[in-house]
Amino acid sequence: LQARLTVDKSFVISAIDKRIYGSFIEHLGRAVYGGIYEPGHPEADERGFRNDVKKLIREIGVPIIRYPGGNFVSGYNWEDGVGPVEERPRRLELAWRTVEPNEVGTNEFMKWAAEAGSEPMMAVNLGTRGVDAARNLLEYCNHPGGTKWSDLRRKHGYEQPHRIKTWCLGNEMDGPWQIGQKTAAEYGRLAYETGKAMRLIDPQIELVSCGSSSSAMPTFPEWEAVTLDHTYEVADYVSLHQYYGNRDHDSANFLARSMDLDHFIKTVVSTCDYVKAKKRSKKTMNLSFDEWNVWYHSNEADIRIEPWTVGPPQLEDIYNFEDALLVGSMLITFLKHADRVKIACLAQLVNVIAPIMTEPGGAAWRQTIFYPYLHASRYGRGVSLQPIIDSPKYDAQDYTDVPYLDSAIVFNEENDELTLFAVNRHLSEGLPLTCDIRGFEGYGLLEHIVLHHEDLKAFNRAGEERVAPRRTEGTVCRDGYVETVLQNASWNVIRLG
Ligand code: AHR
């Protein structure tokens with residue numbers, strides 16, 4: 001086995017939009033209640049938000065957080081979540097069959113997101129509601145004052161507008177599970193009219209048109225073609241959602257799933273460009289991959305959860321080591337498409353299919369997937385370079401010619417740093433790798449970080465981080481070449497400068 005990789009400053013894919021390291025907090029399970037918000041917890045601030053959770057989010061560096069859903073938003077009345085907390089209604093929440101106490105709403109979230117170092121990405125309800133509720137919410141959030149909804153915000157104690165820039169026009173509107181599911185034509189018309197009204201209020205905002213709920217939907221990619229035909233002029237992004245699982249216990253196949261992700265992105269790009277051509281438009285539609293992750297471990301447990309409680313433990317996947325490898329490969333895939341993928345949200349952030357978990361009254365801790373996410377966010381800022389990869393390959397159940405080496409390269413000119421992200425998909429053998437970086441004169445090795453565990457199914461728990469990154473020795477950088485051996489089944493961050 002031997003892999004080769006060539007990097008050059010002039011092989012530019014695109015500047016990386018830092019929002020590809022975004023995440024997601026939905027009113028679902030213990031994400032809000034018992035997650036970011038737990039009044040009475042020793043780490044809670046004066047408003048009930050856990051400082052230890054904020055600290056972990058800041059450690060990752062999460063530039064944007066989508067809110068308040070997800071499926072939740074399609075039944076949400078935003079007015080329930082503003083104003084004096086004691087006057088807010090408790091509601092049946094139909095998407096997840098819980099009770100929503102509305103103790104946390106738009107204003108609390110905006111303040112919390114700023115404290116966590118993030119900007120918000122807000123979604124409007126296009127399931128049970130439409131143009132009117134969306135325009136009122138935008139007026140409430142972004143208009144300075146002197147009108148009904150903006151003055152209500154000021155009365156609620158928020159003198160300054162929130163100035164929310166990025167807005168999702170609904171969520172997964174093609175899904176039969178969605179409250180107020182729509183056909184492509186129904187959604188396209190509603191999203192266009194809603195976006196049009198919103199832009200009249202605030203021309204600075206950016207809008208995300210709903211794409212298919214996943215590439216497996218029977219209507220994909222016709223949904224994109226039809227809805228974008230309506231929304232092309234008003235929207236800036238189309239959304240993509242995708243979750244993977246290893247239900248057949250076939251790890252070689254599971255680690256190849258990022259090839260499916262790559263194909264999905266290429267198909268959506270083609271569909272956007274088809275609509276562009278059809279409309280003779282000069283505008284290029286970008287992609288917001290606003291839900292992505294591994295999600296399958298908790299599926300069975302969720303069936304047994306009692307309905308109509310506040311903050312039940314829903315979607316609490318405990319991630320193992322191989323999940324972290326696929327999450328790493330998914331991040332690599334976004335970097336390889338940095339020219340079109342401008343936003344991506346790891347779904348989700350706390351307790352619900354999340355890198356960060358909390359114990360009620362106890363600790364906050366890092367799941368295995370925390371680490372590739374942190375590394376990409378921390379070292380993956382700058383310009384994405386196209387690596388020329390020569391790697392041995394394997395065939396898996398659903399994919400042929402899967403390169404053992406999956407890699408993306410980031411050049412940060414400001415810091416004078418070059419970072420190689422690499423996954424060795426080989427489950428049992430190390431992969432010798434030679435990288436030609438002769439274009440980066442004078443660069444030497446800063447560090448080689450590796451995430452590896454001999455047990456693909458190893459997982460972390462509170463107070464016990466079995467899967468954690470370490471620095472590895474043995475990698476050398478000499479005369480413009482990096483020589484290393486990527487450990488079997490490993491996530492690698494090779495930093496040069
Ligand atoms: O992230 C969990 C759920 O997955 C979201 O609410 C929904 O949009 C998707 O189906």
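Helices and strands are taken here as DSSP runs, numbered from the N terminus. I note at the outset that the model is a predicted one.

**Entry 1**

I first looked up the peptide bonds. Tyr 67 and Pro 68 are joined by a cis peptide bond, with omega at about 0°. I then asked where Pro 68 lies. I found Pro 68 in the loop between strand S4 (64-67) and strand S5 (91-93).

I recorded another cis peptide bond, running from Ala 347 to Gln 348, with omega near 0°. Gln 348 has its place in the loop between strand S12 (341-346) and strand S13 (356-358).

I also looked up phi values. Arg 163 is not a glycine, yet its phi is positive, at about 50°. The loop that holds Arg 163 runs between helix H4 (148-155) and strand S8 (166-169).

**Entry 1: the ligand and its surroundings**

I counted 13 residues around the ligand, and the closest are Glu 26, Asn 71, Glu 172, Tyr 243 and Glu 291. By class, I divided the shell around the ligand into six nonpolar, four polar and three charged residues.

I looked up the polar contacts, taking pairs of N or O atoms within 3.5 Å. Glu 172 places a polar side-chain atom 2.7 Å from an oxygen atom of the ligand. For Asn 171, a polar side-chain atom lies 3.0 Å from a ligand oxygen atom. Asn 71 takes part through its backbone: a polar backbone atom of Asn 71 is 3.0 Å from an oxygen atom of the ligand. I then asked how much of the ligand the protein buries. The ligand taken alone exposes 280 Å², and the protein buries 96% of that.

**Entry 2: the annotated domain**

I consulted the UniProt record, an unreviewed entry, which lists residues 290-490 as "domain: Alpha-L-arabinofuranosidase C-terminal". In the model, I found this span, residues 290-490, to be 15% helix and 34% strand. The end C-alpha atoms of residues 290-490 lie 26 Å apart. I note that Glu 291, one of the closest residues to the ligand, has a number that falls in the span 290-490 listed by UniProt.

Conventions. Residues are numbered from 1 along each chain as its sequence is written. This is a predicted model: local features need pLDDT of at least 70, side-chain atom pairs count only at pLDDT 80 or more; totals for chains, interfaces and linings use all residues. Side-chain values use heavy atoms; hydrogens and water are left out. A residue is near a molecule or strand if one of its heavy atoms lies within 4 Å of it. A polar contact is a pair of N or O atoms within 3.5 Å; within protein, one must be able to donate a hydrogen and the other to accept it, and residues adjacent in sequence count only if both atoms are side-chain atoms. Accessible areas come from the Shrake-Rupley method with a 1.4 Å probe; for residues, only the protein chains shown count as cover. Ala, Val, Leu, Ile, Met, Phe, Trp, Tyr, Cys and Pro count as nonpolar, Asp, Glu, Lys and Arg as charged, and the others, Gly among them, as polar. UniProt positions are given in the numbering used here, feature names are shortened, and annotations may be inferred rather than shown by experiment. Helices (H or I, at least four residues) and strands (E, at least two) are DSSP runs, numbered from the N terminus.
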